[in-house]
Amino acid sequence: EVLLRTQTSTVQARWMESHDPPVYIVVPGRTYRRDTIDATHLPVFHQIEGLAVDENIQFSDLKGTLLDFAREFFGPDSEVRLRPHFFPFTEPSAELDVSCFACDGGEPGCRVCGGKGWLELLGCGLVDPYVLDVAGYDSKELSGFAFGMGPERLAMTRHGIDSLRHFIENDIRFLEQF
């Protein structure tokens, strides 16, 4: 039986099992989920995950890394926020949101952000100590953070694209813009 991967976290786990710390990696890959196609979801998409494991890594390191990335990618005046969330292999966990490009402050009929004014960009958190222990690392000595994002959503947000569907429709007029 073949199971299509639902995230690229498996690559991070295999890396930790075969490499000694410190670890600083970025893992790209294609993922498959049972999502209904809409403006912000596709059943097949790319994912980029990052993992850092070293001594004394704290949530502030994760926050600083992601905020620097967001401001560099979207511009120094971009509005971003971290919101508490749950992900199975990180604790504490959060979502990074960026101010929605498709409307001004959350219009009720917005197809992209659902009237919230914000678009979820990525999930992140501190690596659960149990994950470190299972990988053969000493969770009393090491800590880490992880994040995962979709490059299609990054492009969507940066270039003002109102739907991820444009990436799979193969409309040459859309593609020629880039």
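What follows is a chat about a predicted model of a protein.

Visitor: What does the secondary structure come to?
Guide: The protein has five helices and six strands. This is a predicted model, so to speak of its features is to speak of a prediction.

Visitor: And which pattern does it follow along the sequence?
Guide: Read along the sequence, the pattern is α-β-β-α-β-β-β-α-β-α-α.

Visitor: How many residues are there, and what share counts as buried?
Guide: The protein has 178 residues, and 39% of them count as buried.

Visitor: What about the accessible surface?
Guide: The accessible surface comes to about 10500 Å². Carbon and sulfur atoms account for 52% of that area.

Visitor: What share of the contacts joins residues at least 24 apart?
Guide: Taking contacts between residues at least 6 apart in sequence, 59% join residues at least 24 apart.

Visitor: Give me one residue to look at. Where is Val23?
Guide: Val23 is in strand 1, which covers residues 23-32.

Visitor: Buried or exposed?
Guide: Val23 counts as buried because its relative accessibility is 1%, and the cut-off for buried is under 20%.

Visitor: Which residues is Val23 in contact with?
Guide: Leaving aside neighbours within four places in sequence, Val23 is in contact with Trp15, Leu51, Ala52, Val53 and Tyr137. Take Val53 from that list. Val23 and Val53 are 30 residues apart along the chain, and their C-alpha atoms are separated by 4.9 Å.

Visitor: Moving on to helix 4. Which of its residues are buried?
Guide: Helix 4 covers residues 151-159, and Glu152, Arg153, Leu154, Ala155, Met156 and Thr157 are buried there.

Visitor: What comes just after helix 4?
Guide: Gly160 does, with a positive phi of about 70°.

Visitor: Which residue other than glycine has a positive phi?
Guide: Asn56 has one, of about 60°. Asn170 is another such residue, with phi near 55°. Most residues other than glycine have a negative phi.

Visitor: Where are those two?
Guide: Asn56 is in the loop between strand 2 and helix 2. Asn170 is in the loop between helix 4 and helix 5, the latter being residues 172-175.

Visitor: Why do they count as exposed?
Guide: Asn56 is exposed because its relative accessible area is 61%. Asn170 counts as exposed because its relative accessibility is 62%. The cut-off for exposed is over 50%.

Visitor: Which peptide bonds are cis?
Guide: The bond from Pro21 to Pro22 is cis, with omega near 5°. The bond from Glu91 to Pro92 is also cis, with omega near 0°. Most peptide bonds are trans.

Visitor: And where do the prolines at the end of each bond sit?
Guide: Pro22 is in the loop between helix 1 (9-18) and strand 1. Pro92 is in strand 4.

Visitor: Now charges. How many salt bridges are there?
Guide: The count comes to four.

Visitor: Which residues are linked in a network?
Guide: Arg81, Arg83, Glu95 and Asp97 are linked in a network of salt bridges. Within it, Asp97 forms a salt bridge with Arg81, with the closest N and O atoms 2.9 Å apart. That pair links distant parts of the chain: Asp97 is in strand 4 and Arg81 in strand 3 (residues 80-87), 16 residues apart.

Visitor: What about Asp97 and Arg83?
Guide: Their side chains meet in a salt bridge at 2.6 Å, N to O. Asp97 in strand 4 and Arg83 in strand 3 are 14 residues apart, and this pair too links distant parts of the chain.

Visitor: Is Asp97 buried or exposed?
Guide: Asp97 is buried, with a relative accessible area of 1%.

Visitor: Which residue does Arg173 meet in a salt bridge?
Guide: The side chain of Arg173 meets that of Asp171, at 2.7 Å, N to O. Arg173 is exposed at 62%, whereas Asp171 is partly exposed at 25%.

Visitor: Last one. Which residues form the negative surface patch?
Guide: Glu55, Asp133, Asp138 and Glu141 form it. One of them, Asp133, lies in helix 3 (residues 129-134). Asp133 counts as partly exposed, at 40% relative accessibility.

Methods
Residues are numbered from 1 along each chain as its sequence is written. This is a predicted model: local features need pLDDT of at least 70, side-chain atom pairs count only at pLDDT 80 or more; totals for chains, interfaces and linings use all residues. Side-chain values use heavy atoms; hydrogens and water are left out. Helices (H or I, at least four residues) and strands (E, at least two) are DSSP runs, numbered from the N terminus. Buried means under 20% relative accessible area, exposed over 50%, partly exposed in between (1.4 Å probe, protein chains only). Contact means heavy atoms within 4.5 Å. Patches are made of residues with over 30% relative accessible area and no salt bridge: like charges are joined within 9 Å, nonpolar side chains (Val, Leu, Ile, Met, Phe, Trp, Tyr) within 5 Å. Accessible areas come from the Shrake-Rupley method with a 1.4 Å probe; for residues, only the protein chains shown count as cover. Lys and Arg count as positive and Asp and Glu as negative; His and the chain ends are not counted. The place of a charge is taken as NZ of Lys, CZ of Arg, CG of Asp or CD of Glu.
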